[in-house]
Amino acid sequence: MPHFWLRAPLLLANKTYARSHHHYRLIHSLLLNTGNVSSTRDTNCSSTMHPWRCSTHFGFCGLPHLCTESIAVTAAHDTTRTKEPRKKRGYKKSVVDFTKVDPDSLPTVILVGRPNVGKSALFNRFIQRREALVYNTPDDHVTRDIREGIAKLGDLRFRVLDSAGLEMAASTGSILDRTAEMTGNVLRRSQFAIFLIDVRDGLHPMDLEVGKWLRKHASGIRIVLVMNKSESLDDHTGCLVSAAGEAQILGYGDPIAISAETGLGMVDLYEALLPLLEEYMLRSINDKASLGCSISEVEESKLPLQLAIVGRPNVGKSTLLNTLLQEDRVLVGPEVGLTRDSVRAQFQYEGRTVYLVDTAGWLQRTKQEKGPASLSVMQSRQSLMRAHVIALVLDAEEITNARSSMNHAEVVIARRAVEEGRSLIVIVNKMDLLRGKQKLYEKVIKAVPEEIQTVIPQVTGIPVVFVSALEGKGRTTVMRQVVNAYEKWCLRLSTARLNRWLRKVMSRHSWKDQASQPKIKYFTQVKARPPTFVAFTSGKVQLPDTDIRFLTKSLKDDFDMGGIPIRIIQRSVPRKERSSTKRSKLTVRMPERTLSEKRGV
């Protein structure tokens, strides 16, 4: 009898008649008399009295967890199973300690493949945080720029690059053609590549085109073939094995089945990358050792700086990042909203490490807005929270056409930066478009600082830089202002110096009422980044807002702290209550002296 004829009676028997052990015996005899069922038992099950214990019948019978006594007896007679506990499979240990290798000396692995195969998801899995945007858009491309991070896979460490999806049929000059050219430039500087395919779609024709493209542009690079999204396939049915055999047509060896979303197959990927990365590190061990000695001798004395470039769409943020890095790091073009991911880059400026973040265009988030655009806005706001210095980019041409220098979105960015305690600089880009228009040029230079001071009155002296990122002009001026603002933001003043300054400030301030004015006992700085001070006052009366603004302005003028937010906290010191105005004298009452009777006799 076939299985599908036996399935319905067993389900009916399980629900209606299987109420006692007697009915278990009845169904058991039915199963024993069926030759097809007994012949398809699992080889791991040695019991002849309970064929429903086999994995073939376990899915629809539902009886093994009910007849516990019979199962216990059968398990006692089962001598074929080993009683040793099953060992868990784990990572092997690497010969090289990658955790102690300088990040600049780590091998570079780039993720390549056609669009929507899970490259960004695997990138997030490697770096162990969600930085790259992941969104299911089969007809669109979410990733457009190259993202970089330090991968952590077991005890392995390597630099991982997330690239845009490759399409060989893209027209010349289109976004896909430019992203493919950028991926090819980065591929030349990489040592290894992970070629991802979607195992659910099988071997796609675009996968074959990407494989040919890799043979042309990555001839000297070791490539590891990976089948992503394999959690949806069942290995018992042989679908995964057939997909692996089909993927071998690409000519990159046996593929590795993984799932970037669930973490399936990371051990197999580790074992595939381990010999490749070890061989690379051992081959360059001599150069790496000499480089490590030079780094250990010259320690970095300057703190790293995190700079975020923010602004509205199409104001030249990505062009400014390429100008500061002096390389074509991110995709630029006339299209509005070209940047989606917040791209993070690192470079050295005058012995200081600078982490540069290019954010997507800042737009007001609406309820109707969904998809990658909404995720880009959220990621831009998170980058603003993590940065030390925020560079707000304005468009000089739009300033000349509009009545104001800053619109609502730019005012929101500036105020949020000040509220979060970040250092702020303003960069007016596209000044090359005002060449030959002397009046408009002078108008922009004069109007922008005045309007910024009007919009943000709580912070005075915000630096304004006028540049042309397309022509590469103003790079040195921008970096000097950024470093200067960061050093002010990290400034710390001693308590003795602050109290000497406080006495001078209190003497030159004209108090309205000396009697009711609270006295500031002393002034100290409790933290930097941003500079935060505490004014200890006597009594319960607090300083008014006018006096707080006066102290803030005096700090900025006397200690050159303009352009950064300053916070002053008040703490009142209660006066000690006296028990009495005058201390009463102690009067000791002496007892009267009585004459003794013996002495009177």
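The following questions and answers concern a predicted model.

Visitor: Which strands stand at the edges of the open sheet of 6 strands?
Guide: The sheet is open and mixed in its pairing, with its strands in the order S8-S9-S7-S10-S11-S12. A strand with a single partner has one side left without a neighbour in the sheet, and this holds for two strands here. The strands at the edges are therefore S8 (343–349) and S12 (464–466).

Visitor: In what sense do S8 and S9 pair, and which residue of S9 is the bridge partner of Gln348?
Guide: Strands of a sheet pair through backbone hydrogen bonds, in either a parallel or an antiparallel sense. Strand S9 covers residues 352–358, and its pairing with S8 extends over 7 bridges in the antiparallel sense. Within S9, the bridge partner of Gln348 is Thr353.

Visitor: Which strands does helix H16 touch where it packs on the sheet, and what angle does its direction make with that of S12?
Guide: Helix H16, made of residues 438–455, packs on the sheet by touching S10, S11 and S12. Its direction and that of S12 make an angle of about 155°.

Visitor: How are the residues that line the largest cavity divided among nonpolar, polar and charged?
Guide: The search of the whole structure finds 1 cavity of 30 Å³ or more, and the volume of the largest cavity is about 50 Å³. Its lining consists of Ile197, Asp198, Val199, Gly202, Leu203, Met227, Ala243 and Ala247, with strand S4 (192–198) and helix H9 (239–247) being the elements that give two or more residues to it. By class, the lining residues divide into 6 nonpolar, 1 polar and 1 charged.

Visitor: Is Thr108 buried or exposed, and what is its relative accessibility?
Guide: Thr108 is found in strand S1, which covers residues 108–112, and, leaving out residues up to four places away in sequence, Thr108 touches Arg159, Leu161, Arg189, Ser190, Gln191 and Phe192. Because a residue counts as buried when its relative accessible area is under 20%, Thr108 is classed as buried, at a relative accessibility of 7%.

Visitor: What separation is found between the C-alpha atoms of Ser230 and Glu261?
Guide: Ser230 lies in the loop between strand S5 (222–228) and H9, where it is buried with a relative accessible area of 2%. Apart from neighbours within four places in sequence, Ser230 is in contact with residues including Val199, Leu240, Ala257 and Leu264. Ser230 and Glu261 are 31 residues apart along the chain, and their C-alpha atoms are separated by 10.0 Å.

Key:
Residues numbered from 1 in each chain as written. Predicted model: local features only at pLDDT ≥ 70, side-chain atom pairs only at ≥ 80, totals over all residues. Heavy atoms only, no water. Pairing = 2+ DSSP bridges. Helix = DSSP H or I, 4+ residues; strand = E, 2+ residues; numbered from the N terminus. Contact = heavy atoms within 4.5 Å. Axes fitted to C-alpha atoms, helices over the stretch in contact; angles between N-to-C directions. 1 Å grid on protein atoms, 1.4 Å probe; cavity = no way out; pocket = protein on both sides within 12 Å on 5 of 7 lines; lining within 4 Å. Points joined across faces, edges and corners; volume = space filled by probe spheres on them. Nonpolar A, V, L, I, M, F, W, Y, C, P; charged D, E, K, R; others polar. Buried < 20%, exposed > 50% of the residue type's maximum accessible area, 1.4 Å probe, protein only.
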